[in-house]
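Work through the exercises below with the sequence and the model in view. Each task is followed by a solution in steps.

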Amino acid sequence: MKSHAQLVIIGAGIVGCSAAYHLARLGRRDVLVIDQGPLFETGGSTSHAPGLVFQTNASQTLCHMAQYAARLYGELSLDGLPCFHPVGSLEVATTPERLADLHRRAGWGRAWGLEPEVISAAEARSRLPLLDEPQLLGALAVPGDGIAKAVRACEAMARAAQGLGVAFEGRVRVTGFETAGGRVSAVLTDRGRVACEQVLLCAGIWGPRVARLAGVSVPLTPCQHQYVRTAALPALAGDSREVAHPILRHQERALYARQIGDCYGVGSYQHEPLLVRPEALRDTFSPSAPSAAGWQAMPSVMPFTPEHFAGPWEDIAALMPALRGAEITAAMNGMFSFTPDGNPVVGESPELPGFWLAEAVWVTHGGGVGKAAAELLAAGECEWDMRDCDVARFEPHAHSRRYVHARGWSQYDEVYDIIHPLQQMERPRPLRTSPFYIRQQALGAVFFEGRGWERPQWYEANAEGTTLNAERQLAEALAVAERAASQPPQPLSLGAASRDKALSVRRGWSALNWSPVAAAEHLVARERVALFDMTSLPRLEVSGPGALALLQRLTTSELDRPAGSVVYTCMCGPAGGVRSDITVTRLAEELFQVAVNGPSDLAWMRAHLPPGSRVQIRDITLGTCCVGVWGPRARDLAQSLAEDDLSNEALPYFRARRTFFGEVPCLVQRVSYVGELGYEVYADAAYGLRLWDLLWDAGRPLGIIAAGRAAFECMRLEKGYRLWGTDMHSEHTPYEAGLGFTVRLDKGEFIGREALAHARERGPRRRLCCLALDDPATIVMGREPVWAAGRVVGYVTSATYGVSVQKSFAYAWLPSELAAPGERVEIEYFGQRYVASVAREPLFDPRGERLRG
Ligand code: FAD
């Protein structure tokens, strides 16, 4: 074995082989792939994976990776044998709810470039004759889905990589790592030391254990998962084709099935999640566990637990009567990985430079993840936006064993469930609470979770009596506010009829996890003043010599402005895509507060610190709190507490200053994400409760309320404010996203400048547009396909019913030629199409007068 390689890949399963293949094609030759098992049936999860590839996914990135993988496997062959059978798929529905959800899933598929169709029960049976038609209400059929021959694909990719100079070694077990100068410098194995500059860990379920040898955390848990193979079925006698039937999902019963010649394979997620501690995993094949398929000997397989399979077997036999009575010839509890959010973990570990991860990946995505990892290693960027997969996306608590266990358990349990976009995780909660939490509880806050934070979505105190009709609810909400005020609130300017409409318009799916109280809060915030808890907004302090230079290099805007300036800007990647949007407040010459989108931004910034830099980047989110004080009466309220002048002249829009609110030292920023006059008020967390109480008491005469994130979300959309990760991401340039105003190409060098100069010259090929639906009572949710002239031309990012503008509207990506106001398109929602037109944006206060008042 080599004693030096520029890059060592650990693991020769589907991910390691795919990464090696793509690296070789990118010209990286000095790569060594090692595996503790024999090549290429190593005993890892890939060795026994039945290989079903269902490409449809709520995540655009994972769907694109699956599409790429299906194409890649389809192009590969080994000694003339195919690595992919594109037999198509059927996801069947046996309840009306599932049938409706299949339409929703078809929408995702179309939005992300697939060509799915929802077909009748009879059509489903004609494609898969073993199905019991009377049980079916319909099925989702996706033509390009199929079966990957995973081990074959590994070997085919490995041979291609070997042909380009990559080395593979089986039966080499990693036992440790060495570091030098804060970077990984060698891999230690039971066959010697391999000096290296980089490591890519593709060790699947063993990932956490191997990474810990380097002091790196991989938040995933191995889970057992049942799969069986039948004896030959009489119904398939004489069928000599290896695979002809479409692959099948029966999500109502958490089952899937595939044909294997004249036999069938059946997998089940029905049993309670059976999680395994990484320390309990075996490393080697066991000599004493024979099984027909050879599975039991593999170290990624646990003994089959028949008691968990009785129910699933009954259920699959009910759906496919030909399986009834069939003998099960091989059975296993195989193991694979689940992360807290169910997505892969890809990228360079923020804990150890040079140590890369590509973990928790299904065969379905292995081809794509390998490509992404290779591109990231080679160029620092890849074709797809990686926000759903980024190694740095996890909050600190997500690395704890307890959290990984609890969330991994739920991810397994819910794998085939119908999940509403606003459905809340149940545990572990509460994890992080703001200093205002007890006051919010007293106001009947309904908390939604975000990155571990408890965040009020709306407050029942603003409703009182949710069983009342919409009009009375608003009256009640106002009465509550009135009772709290020592003088009557200002009357709302919207008429009673429109208020009624605004409050009652949501129905069905879009009314779930929502309350009309949110609409009432929205109206009150636009008319008086409301407190929005913004504590969960991640923020960093960037300080020390070189802080300005670092931020200038990372962002698209000119940040060299006087202290007290606030700048909304983009952080782009080298290809000019928006990696994040951030707000930078200059507090002193080399001292900045930066509002970011999450831990990935911190990792990106730290990764760009020049060698020997004295810049400090500190996450100050937990030590501070923030309350948004927004609404036409916000200045009256804030000024009544502030020691300094907050007039428009003294503190204009997009300026910040330090002052005291009562006794509380505050940083006040004149910005608003809801489009109203007002401030973000920051203070040390320990002062938070006092700050809230001061604002609340001083706000009573003004009719103050606390408002939740549901109102916040609707208000920001009316103003057209983009939400990074939802409305745009690293596959979009600021010009396309409507954020071209943040780009100052003439400010000097910054990351992405060259690409952005080209992008500006070329002009945007697509744009983020505001679409107003003709029918104000149809409210979509996001991720729906948009049609024009009989084809899918784009997809929805965010949507709402605008309570102030009284329109159902959505933001969507469209080709530039369809982006002009007045263009007519259709949005597909649960299989129906609804007409919408491109609208001039923003819909609310387009001149920004309310903000600047
Ligand atoms: P692995 O294939 O496990 O590869 C990791 C490698 O790392 C192993 O070969 C191991 O030997 C090596 N390694 C570990 N530790 C060390 C060390 N210390 N030193 C050297 N080498 C080491 N996915 C689908 O997409 N479709 C399916 O239909 C499907 N069905 C499944 C059915 C079952 C029963 C199970 C259990 C999983 C299924 N999966 C399916 C999931 C899929 O099998 C895995 O997610 C995927 O194979 C993981 O690939 P990998 O390369 O990350 O890991």
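**Exercise 1.** Find the distance from a backbone N or O atom of valine 174 to a nitrogen atom of the ligand in this predicted model.

*Solution.* Step 1: take the backbone N or O atoms of valine 174; one of them lies 2.9 Å from a ligand nitrogen atom. Step 2: compare this with the cut-off of 3.5 Å for a polar contact between N or O atoms. Step 3: look for other backbone atoms at the ligand. Glutamine 36 also places a backbone N or O atom 2.9 Å from a nitrogen atom of the ligand, and a polar backbone atom of leucine 52 is 2.8 Å from a ligand oxygen atom.

Step 1: turn to the cover. On its own the ligand has 1,000 Å² of accessible area, and the protein covers 97% of that area.

**Exercise 2.** Decide which residues of helix 15 are buried, and what they pack against.

*Solution.* Step 1: apply the cut-off for buried, under 20% relative accessible area. Step 2: in helix 15 (residues 547-554), 6 of the 8 residues are buried, namely Ala547, Leu548, Leu550, Leu551, Gln552 and Leu554. Step 3: list their partners, including strand 27 (539-543), strand 29 (578-588) and helix 16 (599-607).

Definitions and conventions: Residues numbered from 1 in each chain as written. Predicted model: local features only at pLDDT ≥ 70, side-chain atom pairs only at ≥ 80, totals over all residues. Heavy atoms only, no water. Polar contact = N/O pair within 3.5 Å; in protein donor to acceptor, adjacent residues only side chain to side chain. Areas by Shrake-Rupley, 256 points an atom, 1.4 Å probe, with all protein chains shown as cover. Buried < 20%, exposed > 50% of the residue type's maximum accessible area, 1.4 Å probe, protein only. Helix = DSSP H or I, 4+ residues; strand = E, 2+ residues; numbered from the N terminus. Contact = heavy atoms within 4.5 Å.
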